[in-house]
Amino acid sequence: DGKLSEEAKRVYEALLAHGPQPTSRLRVLAGLPPKQGVARFDRAITELQAGLYIVKSGISDANAWKYCYIYDLLPRRFPEVVARAVQISGKQARRALALRYLRTVVAASTADLARLFGWSVTLAEQLVSGMLADRLVEEVDLPGQKSPWLRAVALDGGG
């Protein structure tokens with residue numbers, strides 16, 4: 001659908017065709033040789049990992065330093081995770097991600113959520129509005145901060 005860069009598409013297709021591969025071999029299979037393609041390959045790997053297309057699945061000694069990652073397609077490596085994921089809606093997934101993040105960082109702004117997860121501000125605002133209405137999060141004022149911040153409401157009733 002044109003959602004991946006050309007380099008990311010080539011890396012993904014190499015994994016699809018050849019199975020799990022160490023970084024050094026994957027770069028060659030994707031047509032991004034070390035001399036010219038290191039930065040492009042690294043961006044493609046980052047793009048594919050961030051999009052949950054691929055995962056690190058092991059470590060190999062298949063390069064000059066005798067240490068590199070092996071990558072595989074997420075659905076092939078963790079089919080049970082993918083099977084569970086298709087059972088939830090995008091809205092449920094976004095809520096779960098936002099709540100997990102808020103529990104980790106304690107407080108964040110709607111803009112922080114949008115920026116971190118690559119959501120539009122409108123989408124993040126709609127998500128936050130729904131979570132506020134369902135009392136999953138609450139707004140808190142932080143000294144020296146201009147916009148209201150969000151924090152996850154504890155499930156056990158405590159703070």
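R115 and D112 are joined by a salt bridge, in which the closest N and O atoms are 2.6 Å apart; the term denotes a side-chain nitrogen of Lys or Arg within 4 Å of a carboxyl oxygen of Asp or Glu. The two residues are separated by about one helical turn, because R115 and D112 stand 3 residues apart in helix α7 (residues 110–117). R115 is exposed, with a relative accessible area of 60%, whereas D112 is buried, with a value of 18%; here buried means under 20% relative accessible area, exposed means over 50%, and partly exposed lies in between (1.4 Å probe, protein chains only).

The structure is a predicted model, in which local features need pLDDT of at least 70 and side-chain atom pairs count only at pLDDT 80 or more, while totals for chains, interfaces and linings use all residues. Residues are numbered from 1 along each chain as its sequence is written, and side-chain values use heavy atoms, with hydrogens and water left out.

Across the whole structure, a search finds 6 salt bridges, among them the pair E13 and K9, whose side chains meet at 2.8 Å, N to O. Both residues lie in helix α1 (residues 6–18), where E13 and K9 are 4 residues apart, about one turn of the helix. E13 counts as partly exposed at 38% relative accessibility, and K9 is partly exposed with a relative accessible area of 38%. A further salt bridge links D72 with R76, with the closest N and O atoms 2.7 Å apart. In this pair D72 counts as buried at 5% relative accessibility, while R76 counts as partly exposed at 36%.

The secondary structure of the protein comprises 8 helices and 5 strands, these being DSSP runs numbered from the N terminus (helices: H or I, at least four residues; strands: E, at least two). The radius of gyration of the protein is 20 Å, well over the 15 Å that the globule rule gives for 159 residues, so the protein is more spread out than a compact globule; the radius is taken over C-alpha atoms, and the rule is 2.2 Å times the number of residues to the power 0.38. The C-alpha trace spans about 50 × 35 × 35 Å along its principal axes.

Of the 159 residues, 30% count as buried. Among contacts (heavy atoms within 4.5 Å) between residues at least 6 apart in sequence, 44% join residues at least 24 apart.
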